[in-house]
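I am opening this notebook to keep track of what I look up, one entry at a time. Each entry starts from something I wanted to know.

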Amino acid sequence: MVAAIKEFCLGLHSLATGLAVTLEQFFRRPVTVHYPWEVLELPARYRGHIVLVRDEQTGRLRCIACKMCERICPSDCIVVEGAKLPGESRKSVTEFKLDFTKCSLCGLCVEVCPVDALAFSKRYNLASTRKADYESMDLCELAKAGDAK
Amino acid sequence: MSPGHPTDSSVSAAAPRETFVLNVGPQHPATHGVLRLKLTMDGEYVLHAEPVIGYAHRMHEKMGENRTYVQFLPNPSRIDYLSAMHYMHAYVCVVERALGIEVPPRAEYIRVITSELNRIASHLVWFGAFLLDLGAFTPLLYAFDDREKILDLLEAVTGSRLTYCYYRFGGLCNDVDEQFIEGTRAFVKHMRGRLGMYHKLVTENLILRKRLEGIGVISAELCRKYGATGPVLRGSGVPCDVRKLEPYSVYPEFEFDVPHFAEGDCMARYKVRMEEIAQSLRIIEQAIAKLPPGPVMAEKVPRVIKPPPGDYYFAVEAARGRFAIRLVSDGTEVPYRLKLRTPSFSNLALFGEAARGLLMQDALALLGSLDLVIPDVDR
Amino acid sequence: MAEQQAKWLSCAEGGAGSEPGSLVRFARLEQLLDWGRANSLWPLTLGLACCAIEMMAAGAARFDLARFGAEVFRPSPRQADVMIVAGTVNWKMAGPIKTLYDQMLEPKWVIAFGNCAISGGPFVFPGQYAVVEGVDKLFPVDVHVPGCPPRPEALIEGILELEQKITGTRRWPRVKTA
Amino acid sequence: MILPEPYRLIAYLVGALAFVGLNAAYLVWLERKVAARFQRRPGPTEVGPAGLLQPIADGLKLLGKQFVVWPHADRVLFRLAPAFVLAPALMCLAVIPFGHALCARDFNLGLLLVFAFGSVNVLAILLGGWASRNKYSVIAAARVVSQNVAYEIPMLLVVTTLLLTAGTMNLRELVQQQAGGVWNWNLVKVWVNPLMPVLFLIFYVCMLAETNRAPFDMAEAESELVAGAFTEYAGMGFGLFFMAEYANIVVGASVATVLFLGGWHSPVGVMPGTFWFLVKLYALVFSVMWVRWTFPRTQFYRLLNLSWKLLIPAGLGALLFTALILKLR
Amino acid sequence: MNELIEQLKSAYAVLVVPARADTQAAAVPAVVQPTDPERRGCHLEVTVTPAVVVDAAQVANRFGFAIDTITGIDWPEAGQMEVVYDFFHPQHRLHLVVRTRVPRDAPALPTIQDVFPGANWHERETHDFFGIKFIGHPDLTPLLLPEDADYHPLRKDFTNVSRSSN
């Protein structure tokens, strides 16, 4: 009987402490980041979809269309085409298509690239009503648009 | 003192009972994903429970046979996305074992740190989701709050929040920086305080104790017969932990306990996981203190991964229990067979037997205490 | 099985455009209703795989979907307005998920959250036997949120995108990303 | 100021409807805000200033939603249940004295009326669950009935005990008895009956159970029964159930305020009246929310055990004890 | 520990399929082979004929092993399918593998689910993926694949399911 009463009192006490804990949190400041108004800073290594990198000196895309990324991609989401420009020894990229809807952001393509021509973008908040926006992203076009900005 | 139902045999045939089948899932808030339970009910008592799985089957084993070793790297973290690091650990380790690669100590230490951080994050998700099952919503948000701190740390290192693709054969894809170390130190301190708060808010709570104590008892023998592992087995009083029993990586260098409770009820499993968070914090603390300098990638990693023909097996302790990979290699670039032994599969298998005769509410508490990740069951 | 799948496929193709057509429309009232709908999108509690965790994270304190009135996760499809398909749908799940879609009442919307829901994601390879290559094969999808898994901000962006689709205007600033 | 009868009726109807409607709508908003604060997030903010238009958006959305009666459901009862659920709350408000003169009907058996109508609420949920012909709904409906029956008894026992000392069932008179400072409130009148705080606690627990609030929210037990008795309801049908939950909390909290917390009397002596009544009322409502966002749900059998094995014996004991004191005094 | 391995070895050494009078089959003993756990991840590999897998499981059960997993491996060149039973020990650092091979054109072997009820799902899964029949198994309907699936995707000759969509 004594034990039962003791347990009952302990139980009531536990309920009271629970209420105290939530009340304490009630008066703390919310931790929310108000997304469209304020944004989190993403870490440098954040992996968005890949983008083509420009060479700082020449201003040209670094990609030499060697197709290493195309071959290593586990989900077959990269299609690269390249051609030799007249009077040049290396190939340059003419078309770089990414099917972002199949990508798993593993980063193998970036690692395998021999000339560091690929990088991760920081586009973390993509959303669109059209599937086609991501099904066949033209990274060459995207690089151009990036320059314009 | 939960009233158990006198299951079939003990009731005389003279009193025919009206039963009905309740179909819980594949979309049901208590099943955490796409698990379906066929419950034969007598009123609110579960007479017979049959889990129906396969609604999240994603062919990981088939993909293993279709892709090169490197190309399979993104997959393990998607089998059980809550303990992605452990699954990656098992996969890279089994290939390293096959190739005979020696991993630099710094890489192994970082693997342990990130794995343990991931274990805490996983247990926090479980904690929140389990309490959501029990009807308490607020702890979920607190747990996710703490989890975000871990995710920030891991994201800074790996670049992703959930499905990390961080380990490589022979090491890691990049080193951690001072900021990560500092952040982890701060997190360990922060988490210790939060654990105290969780105990005050939840563990000691009268309603929760009454809901969990004595409910859904699983015996050690039942676990053995079904191959249940992890917190489920440890909640039945068996101190079985792959990290201690079949030590891998640099775990033998750390001091930590394997929490186990003999009761075998939901409360025991709850306490095991809460205690494990504390133990993981201990490991992280030690690992950070001892973190050696050096490279994070082995030097002698072949460019093309072609393990010698044979049969290799590697088990790790994931957040849900023993995760093992059996790799059969035929000497080519592609695995011949990649068998994934996932803990949730075995842990769920015993549900049918353990839930018999329980009230529906208690059966769902039992289900929550097993901590299932459905794609981990289905692979 | 194959027959049933063919049926669903044909349904999805024919049934694009999710709003029911009504004969008489009142512009002002319709606008008001749209405003109501856009600001009270109750999602269905439907977590399939990895992305579901990010969906939960979006509802948690750090990101808080509640700010847009979209935190009321309803477990019953009758009361839900938007189905956030978060994760891989395989052919075994295709039947149940199609049923869930049918059980939701008009007006209803679908957000395909994550690469798996959009197109099967990384699980698509020649000769694959399990995964539905995009839920738009089963029913019309309104907003696509790519990523593997997408960040919670992307889900919020998806909700905003959906609100824009419903009301026709966007009330929030667009976040520029590099 | 006493209005003539027909005007009074109209005033009451308009007032009660507006009060219930506003309360139901804005308590939902309040709950979302309060829950958010407990969880360290802001809650609705983007729809109107501080999210104040959120309930309106929700209402419009629900009104604009398709309403379907499922072919397998009971067509009449399915439609009737939502209408049924809000009515008792409206009726109960007729006798609640919000202020010295603000009472629709000053009625001798006011308290009896409140409990009589209050129990209709169960019927509505039962009908709703039953008519849906969904297994989850039926289980939930059965739970709700046994839960409400179980908790009606200790609640009535507590009220009877209180009435022994008060000697009236007129709610206005009950409040008037508590005039003159905090120590005259029934809650703290321990010299009249030392059990008063216990009685209040029992009443509070019963109120939680009667209004199907956490930790006793068996009717909607989301993680077990999907959406409980309302699983099949969509649109405004569901909206009405949702509103009724809050209307019932308001009624429950009002009755508690009248019985134990001195009604419209001010605790500090200044400006007694409706203001203080509402302060007390919403403080109670807040505590109900606070409890909900702190505790997990109990098991169903423990819920019944609590009533039959603890609250009812305690209530009976309190009744006998009080009768004894009164006799000895 | 080593003692336990020795005991196990001797227990398995006596595991022999008795020669049957009606067939020409001779008595086949189990092949017990200790392996290096650091290289292979297991301590003992036992190769038995399909007829004695139940006995092999019983030995494991007697020694207190828990069932780890059951899986199949398809060997089309050899015309065989291998079934691998993994057992781990909850108390000791000990991992036991039992292997057996069945003919590929009619793969069937007895179920061990009476010894380890947990084998039920593993066997069903193996049946799903490889079409190996477990004689005496109560329910071999597909577990992970759709209920009406009639294909076995992990067989090496599996190519694709005919689906109306693709």
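**Entry 1: chains B and E.** How much area do chain B and chain E bury between them, and what percentage of it is on carbon and sulfur atoms? Keeping in mind that this is a predicted model, I found that the two chains bury about 3,700 Å² between them, with 53% of that area on carbon and sulfur atoms. I then looked for the residues behind chain B's part, and noted that Arg224(B), Lys225(B) and Tyr336(B) supply 18% of the area that chain B buries against chain E, which is more than any other three residues. Counting by contact, I have 41 residues of chain B touching 48 residues of chain E.

**Entry 2: charges and polar pairs across the same interface.** I looked up the salt bridges between chain B and chain E and wrote down a count of 8. As an example I picked the one in which the side chains of Arg379(B) and Glu125(E) meet, at 2.7 Å from N to O. For polar contacts between chain B and chain E, the count is 20 residue pairs, with both residues at pLDDT 80 or more. I also asked which element of chain B gives the largest share of the side that touches chain E, and it is helix H12 (residues 343–349), with 4 residues. Sorting the residues on that side of chain B by type, I get 19 nonpolar, 6 polar and 16 charged.

**Entry 3: a sheet in chain A.** In what order do the strands of the open sheet in chain A lie? I read the order as S2-S3-S5, three strands with antiparallel pairing. Strand S2 (78–84) and strand S5 (137–138) of chain A are the edge strands, since each of them pairs on one side only.

**Entry 4: one arginine in chain C.** Is Arg74(C) buried or exposed? I placed Arg74(C) in the loop between helix H3 (50–59) and strand S1 (82–86) of chain C, and it counts as buried because its relative accessibility is 3%, where the cut-off for buried is under 20%. Leaving aside neighbours within four places in sequence, I listed the contacts of Arg74(C), which include Trp42(C) and Leu44(C) in chain C as well as Glu220(D), Glu222(D) and Phe238(D) in chain D. Pro43(C) is also among these contacts; Arg74(C) and Pro43(C) are 31 residues apart in sequence but 6.2 Å apart in space, C-alpha to C-alpha.

Definitions and conventions. Residues numbered from 1 in each chain as written. Chains lettered and ligands numbered in written order. Predicted model: local features only at pLDDT ≥ 70, side-chain atom pairs only at ≥ 80, totals over all residues. Heavy atoms only, no water. Contact = heavy atoms within 4.5 Å. Buried area = accessible area lost by both parts, 1.4 Å probe. Salt bridge = Lys/Arg side-chain N within 4 Å of Asp/Glu carboxyl O. Polar contact = N/O pair within 3.5 Å; in protein donor to acceptor, adjacent residues only side chain to side chain. Helix = DSSP H or I, 4+ residues; strand = E, 2+ residues; numbered from the N terminus. Nonpolar A, V, L, I, M, F, W, Y, C, P; charged D, E, K, R; others polar. Pairing = 2+ DSSP bridges. Buried < 20%, exposed > 50% of the residue type's maximum accessible area, 1.4 Å probe, protein only.
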